[in-house]
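Reader: I would like to go through this model and ask what stands behind each label. Please set the values against the cut-offs.

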Amino acid sequence: MPSNNLPRSRRRGAVIAALVVAATVALAGCNSSDTDGGDDGPAASGPWLDDAKAAAENAVQVPSEIAVASLGPVEPPASMTVYFVGCDQSIPGCVAQVEGVRQATDALGFDLEVCDAKSDVASFQNCMSQAVNAKPDVIVNNARPSADASEAYAKAHELDIPVIGQFTAQLPDPEKGNTVEVGNVCQIEGELLGNYIVAESGGKANVAIFADTVYQCNGQRADGVKAVLDTCPSCTVSVDRFSVATAQTDLPPALQAKIQSNPQLNWVVSTPGFSGVMAADAVRQAGKQDGISVGTFDGDEPTLALVRQGDIIKADVASGVYENGWTVVDAALRLKAGQTIPDNIENPTQLLMTQESAPASGTYEGADGFRDQFTALWGVG
């Protein structure tokens, strides 16, 4: 089991020296420009800090049960075709969503078709049109808003083809949009990371958030982080936006500009996961790896390699990266069987991965034994 002990903020020798000097001059601490964020003055305290610490401790515990266990068993049909419209397959987190669905459909002997919708609206519309024309039993839209392919959605409804949204950051709309939503947890993921940052910083976090605008889940993650930090009276937070489509050229200079313009900065949050690695690179290039930590999402292997080493990226929040896909297939089975899904929402489980709680290898795939739990619900060996 992962440790419950959260890492404590470390102060560099230069910071201690600065505080000694600052003690002789009124307000000098408030103007400190050292790279650990100016962690001076009295210790922060309050119920908000206690709540953040408790939430952070709970978030590093690996879940033992899939959430859909509460829905009870469901009998799969003899056959089913799932058409999966995946988000940009150059992004590791998007690849993981396809793999999870593939594992689950393979376990049931179902047919799976996949279309890479990339990161532009035209490609998504093309994939959705192909999906409708294929007339599958169910279509899965991974990450894009339904409004980006309204004609295809209208046609799917006309043909009585249910569309399952996965991490679309939308609530279900069975009449015009997604019949069921899987992964309605983006804001929750952000709150988990926000609580960890508040707890780890002792309530003295100075945070810059960078969130992608193409996939709305990333905006909700940013909202979740900010919502927690806004409850911390001794914390500071800013939010900047970027597009994954132009991240390779636009994001590095934006990160560097933020780091250089805010000497009190001690945390950067960037989403999705590959941008967290870019943030770590920017911190290293600025020579501030001892004072600025990075938090991100998705549980990508390059990210977790740094988390395990305690190397700049100190926290990564993921919803079981393969459990997601199994949850999608479970939702498809329940729709086919005419079962009621409460609020038309099914969700996977989450884990906050730190140096202590991250898996020794690989990533957070899902709750302990999640594959066996799903197949038991489905009555398959």
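Reader: Why does Arg144 count as buried?

Author: This is a predicted model, and every value here is computed from it. Arg144 has 3% relative accessibility. Buried means under 20%, so Arg144 counts as buried.

Reader: Where is the place of Arg144?

Author: Arg144 sits in the loop between β3 (138–142) and α5 (150–158).

Reader: What makes the link between the side chains of Arg144 and Asp148 a polar contact?

Author: The two side chains are joined at 3.1 Å. The cut-off for such a pair of N or O atoms is within 3.5 Å. The distance meets it, so the term polar contact applies. A polar atom of the Arg144 side chain also lies 3.5 Å from the backbone oxygen of Ser119.

Reader: Which residues is Arg144 in contact with, leaving aside its neighbours within four places in sequence?

Author: Among them are Lys118, Asp120, Phe124, Gln170 and Tyr215. Contact here means heavy atoms within 4.5 Å.

Reader: Next, Ser357. Why does Ser357 count as buried?

Author: Ser357 has 5% relative accessibility. The limit is under 20%, so Ser357 counts as buried. Ser357 lies in the loop between β12 (350–353) and α12 (370–378).

Reader: Which backbone atoms lie by a polar atom of the side chain of Ser357?

Author: There is the backbone oxygen of Leu352, at 2.8 Å. There is also the backbone nitrogen of Thr354, at 2.9 Å.

Reader: How far is Ser357 from Ala315, in sequence and in space?

Author: They are 42 residues apart in sequence. C-alpha to C-alpha, the distance is 9.5 Å.

Reader: Now the aromatic residues. What makes the pair of Trp326 and Phe370 edge-to-face?

Author: The ring centres are 6.2 Å apart, and rings pair within 6.5 Å. The planes stand at 85 degrees. Over 60 counts as edge-to-face, so the pair takes that label.

Reader: How do you know that this pair ties together parts apart in sequence?

Author: Trp326 lies in helix α11 (residues 323–336) and Phe370 in helix α12. The parts are 44 residues apart in sequence, so the pair ties them together.

Reader: Why is the pair of Trp326 and Trp378 called stacked?

Author: The centres are 5.6 Å apart, with 10 degrees between the planes. Planes under 30 degrees apart count as stacked. This pair links helix α11 to helix α12, across 52 residues.

Reader: Are Trp326 and Trp378 buried or exposed?

Author: Trp326 has a relative accessible area of 4%, so it is buried. Trp378, at 3%, counts as buried because the limit is under 20%.

Reader: Which residues do ring pairs link into a cluster?

Author: The cluster holds Trp326, Phe370, Phe374 and Trp378. The structure has five aromatic pairs.

Reader: Last, the helices. How do α6 and α7 pack?

Author: Helix α6 (residues 186–200) and helix α7 (residues 216–229) meet at an angle of about 35 degrees. Their axes are 7 Å apart. The crossing is right-handed.

Reader: Which residues make the contact, and how do they divide by class?

Author: From α6 they include Leu193, Ile197 and Val198. From α7 they include Arg221, Val225 and Val228. By class, the contact has nine nonpolar, six polar and four charged residues.

Reader: What share of the residues of the protein chain count as buried?

Author: Of its 381 residues, 55% count as buried. The chain has 12 helices and 12 strands.

Note on methods: Residues numbered from 1 in each chain as written. Predicted model: local features only at pLDDT ≥ 70, side-chain atom pairs only at ≥ 80, totals over all residues. Heavy atoms only, no water. Helix = DSSP H or I, 4+ residues; strand = E, 2+ residues; numbered from the N terminus. Buried < 20%, exposed > 50% of the residue type's maximum accessible area, 1.4 Å probe, protein only. Polar contact = N/O pair within 3.5 Å; in protein donor to acceptor, adjacent residues only side chain to side chain. Axes fitted to C-alpha atoms, helices over the stretch in contact; angles between N-to-C directions. Left-handed = near helix turned anticlockwise from the far one by under 90°. Nonpolar A, V, L, I, M, F, W, Y, C, P; charged D, E, K, R; others polar. Phe/Tyr/Trp six-rings, centres within 6.5 Å; stacked < 30°, edge-to-face > 60°.
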